[in-house]
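Dear colleague,

Please find below the sequence and structure that I am handing over to you.

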Amino acid sequence: MSITLDQVTKHYGGVPVVNDVSLDIGDGEFFVLLGPSGSGKSTLLRAIAGLSGVDHGRISLHGRDVTHVAARKRGVGLVFQNYALFHHMTVADNIEFALRVRHMRARARRQRRAELLRLVALEGMDNRLPAQLSGGQQQRVAVARALAHKPEVLLLDEPFGALDAKIREELRRTIREVQRELGITTVLVTHDQEEAFAMADRIGIMNQGRLLEVGAPHELYARPATRFVATFLGAANLFLARRTPDGIQVGGKTMGGGAERSPGAPEHEVVAVVRPEEVEVAAERDALSSRYLGHGVIDEVTFTGALERLRVRLDEAVPAPLLASGDSDGSTALQVTRTRLAHRGFEVRRGQSVAVGLRRVHVLPTPLSSFTACAQSAPLADALSHQPLLAELVARMKTRVALRVEPSLGVGDEPCQAQGEFFGTTVIAAEGDNAQRAEWLLRRGVKDLLVLPAHAAPPQRVLIHWMGEAARSATLAVSASVVRHVSAEAVYVGIFPGRSDSERHSHGMRELLDARSEAQATHGLEMRTELHFGDVAQELTRRLAEAPAQMLIVGITELRHFAESFRALLDGGRWPVLIVQRGAA
Amino acid sequence: MSFRKASVLPGFGLTFGFTTFFLSAIVLLPLAALVLSAASMHWSDFVRVVSSPRALGSYRLSFGASLLAATINVVFGFIIAWTLVRYEFPGRKIIDALIDMPFALPTAVSGIALTTVFAQNGWIGRYLEPLGVKVAYTWLGVTLALTLISMPFAVRAVQPALQEVQHDLEEAAETLGAGRLYIFWRIILPTVLPALLTGFTLAFARAVGEYGSVIFIAGNLPMKTEITPLLIVIHLEEFDYQGAAALGVVMLAISFVILLAINLLQAWGRRRHVRAAH
């Protein structure tokens, strides 16, 4: 591996800017770090270059641990957005800078400079000053300068940001050619997804300091795993859908079969992604070549050259809750793009009613689909749905909160009074008797239950624990989903009964490492681990009481002794607790 | 040939006329009067006045101490400016404001204050005395006073230039393998050099013309601690206006030559860059 990052974390003023990032970049790979501004991608690049230190984690270049090595000894080449050329030096002096520092002889320097200038197609510009060059030429000089000392790794920090479209295109090609010719491992940071698609062998997408997903461009586009990646990488329509034994149901109509089918699994709620080009519109239902979803009205038609963009407002009658559509502007019109060909086949106008079909539906593996605020009365449920942490989660997950009234919540053997099963994550307010009310809901089919104190804010640390191996995978998946949407650090708290001794200690450590690697490999969740010995509820309570702004995610497999073991944790409502119930008979 | 150049602001004729008038009335005419006044002397009288041992001694002190003060200020002014630009620390704003104090103080007050501190029984002078270092009433005191009053010029000239040195440049140099000293000599210093020279020029010009603060701390012994401006005043007090004018002309000439030399040096530096570019 050329570049290996292991749990790299960097805080600024207590806020994690880079949060537990682990990543391997192969030899000669062109890797693009993509993310919105403030996602931590530039900070991560600077950490690789050695210009900013890390608070936690390790960075290795070609197997050499460079975490504490100064930038000038790391052997990397860095290209800045604003070129950062030395203005008082000529092009030649700029390029030879690294060689002079290394006391290379004048003849060898001249030779290397000529090579580099040829590489970036700037022959004969040796004696110009940077001020006499165009922006594109200056950036070429910067690339040549960064390559002069034959670095093992080339880092590019938004190198095209200050250039206009045409020059950008040209420089992109040059850099890609140079990279291929030298076979140098390259990391490029950008917020431009088109640029990422055009250049990358693999893309890593960052948001809020976390590396969310890594993959080949087409893979990430076709099969994103998270809402953020689905909506950031190209436009996407997000639906709340059902996974049933027959396949994926959107708006009550079965859409995907095939790979999306999972016979035997109980029906549950999922988030489905439909790309705008996978939506079909036709004059009537029979003219559709894809699965019919419902009717809608054309809201807007925009012509963009090769493609035509439509916004289609689905009829009220279509029971397909559209969570978000690409622009994240809060509007819930379906985004559609059509080719010229489709346009010629069926022309549409604003205000026209059309039949809408979906060609391909991709289901996100995220276990958190939507929230249901559950309380004894409608006003209480409504108040709960506006709780700050819940509102924040809902906004960041681009999902919605449903209300559910259960007048006899927590009362003995009373049955549910509201219609229908529980879908998604059920939320109750933390009051008295939380353990009892939680058990009441969990016994009535709630899978994920969030017990939320009124004052709880987005946590800075999420503690993770599961009781029983059967809940492990689901707990990790839920934790990964939560942690992606709040900028908190994840800590797995392993607790073993009895007192610590060296044998049990090493056994415990092994389990922690197993859990950590599963979290990383299967759920893309980077977490720290802690090892404790003693009573589970006691240890968790102690750990939660240690610092403010913590949240607990706990997996359970059975409800025997639930009230006893959870009373200390839940009653008093001092912290948010998310209970994940899986594997129960 | 036309002077005119397209500009956003109209009224070139008016502004150019005003500039010429203003410069003539405020700068050139008085200088011309000075030169004329000196020119009315007989040549041998002129030479006698300006090359008397006392006058020569005063030139040496005036220009020597001023050059020394300007040099000190360039070095320490750079360090002060660096501290103010590069670091965030409590009281930074206050220190920044203190820099300008010598501007605001009547120079005589500075002189008296310095004398109080550095006299043989002063706060600092009393500890320097046993070491055999005398500051007040020696050339050291003169240099000290000149350094004090010209310090803001150096700091204020360098400060904006340092602010402009992009941090990126240093980081780029660092990733290319350069150490701190190398970065300072090859990147930072060349970038702020023009500003440093300007600071030097301003500080020097201010120091040469200084009178108020120096006469208190200098002791004013002829040949030893007597600066040229004081000698001019002495001539004036003896109603020897022509002698004063003669000394003034010599100061003017020396100052002009030194300032011109510095300007040429700067221009040469700029030209060297442009030439390298073709």
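This is a predicted model: local features need pLDDT of at least 70, side-chain atom pairs count only at pLDDT 80 or more; totals for chains, interfaces and linings use all residues.

**Chain B**

Chain B is built from 13 helices and zero strands, so that reading its elements from the N terminus gives α-α-α-α-α-α-α-α-α-α-α-α-α. Along the principal axes, its C-alpha atoms fill a box of roughly 65 × 65 × 35 Å. The chain has 278 residues, of which 33% are buried. Among its contacts with a separation of 6 or more, 77% are between residues 24 or more positions apart.

One helix pair in this chain deserves a description. Two packed helices are described by the angle between their axes and the distance between the axes. Helix H3 (residues 53-86) of chain B packs against helix H8 (residues 139-164) of chain B at an angle of about 40°, and the two axes are 5 Å apart. At that angle H3(B) is oblique to H8(B). The crossing of H3(B) and H8(B) is right-handed. Sorted by type, the residues of this contact are 21 nonpolar and eight polar, with no charged residue.

The loop between helix H7 (125-128) and H8 of chain B holds Tyr137(B). Although Tyr137(B) is not a glycine, its phi is positive, at about 65°. Is Tyr137(B) buried or exposed? Tyr137(B) is buried, because 20 other C-beta atoms lie within 10 Å.

**Where the two chains meet**

The contact between the chains involves 22 residues of chain A and 20 residues of chain B. On the chain A side, the elements that give two or more residues are strand E6 (76-79) and helix H2 (91-101). The residues on this side of chain A comprise 12 nonpolar, seven polar and three charged.

The loop between E6 and H2 of chain A contains Tyr83(A). Tyr83(A) is not a glycine, yet has a positive phi of about 70°. With 25 C-beta neighbours inside 10 Å, Tyr83(A) counts as buried.

**Strands of chain A**

Strands of a sheet pair through backbone hydrogen bonds, either parallel or antiparallel.

An open sheet of four strands in chain A has the order E2-E1-E4-E5, and its pairing is antiparallel. At its edges are strand E2 (15-25) and strand E5 (64-65) of chain A, each of which pairs on one side only.

Strand E24 (residues 425-429) of chain A is largely enclosed by the rest of the structure, because five of its five residues are buried. Both of its faces are covered: Thr425(A), Val427(A) and Ala429(A) are buried on one side, and Thr426(A) and Ile428(A) on the other. E24(A) runs parallel to strand E22 (residues 371-375) of chain A, to which three bridges join it. Here Phe371(A) has Thr425(A) in E24(A) as its bridge partner.

**A helix pair and a loop residue of chain A**

Helix H13 (residues 472-485) of chain A packs against helix H14 (residues 502-523) of chain A at an angle of about 65°, with 10 Å between the axes. H13(A) passes H14(A) in a right-handed crossing. Which residues meet where H13(A) packs against H14(A)? Leu476(A), Ala477(A) and Ala480(A) in H13(A) meet Glu518(A), Ala519(A) and His523(A) in H14(A). The residues of this contact divide into four nonpolar, one polar and one charged.

Finally, Glu347(A) lies in the loop between helix H9 (340-345) and strand E20 (353-358) of chain A. Glu347(A) counts as exposed, because it has 10 C-beta neighbours inside 10 Å. Glu347(A) and Val281(A) are 66 residues apart in sequence, while their C-alpha atoms are 10.0 Å apart in space.

With kind regards

Notes: Residues are numbered from 1 along each chain as its sequence is written. Chains are lettered from A and ligands numbered from 1 in the order in which they are written. Two residues are in contact if their C-beta atoms, placed from the backbone, lie within 7 Å. Ala, Val, Leu, Ile, Met, Phe, Trp, Tyr, Cys and Pro count as nonpolar, Asp, Glu, Lys and Arg as charged, and the others, Gly among them, as polar. A residue is buried if 20 or more other C-beta atoms lie within 10 Å of its own, exposed if 12 or fewer, and partly exposed in between; C-beta atoms are placed from the backbone. Axes are lines fitted to C-alpha atoms, for helices over the stretch in contact, and angles run from 0 to 180 degrees between N-to-C directions. Angles under 35 degrees count as roughly parallel, over 145 as roughly antiparallel, 65 to 115 as roughly perpendicular and the rest as oblique. A crossing is left-handed if the near helix is turned anticlockwise from the far one by less than a right angle, and right-handed if clockwise. Two strands pair if DSSP finds at least two bridges between them.
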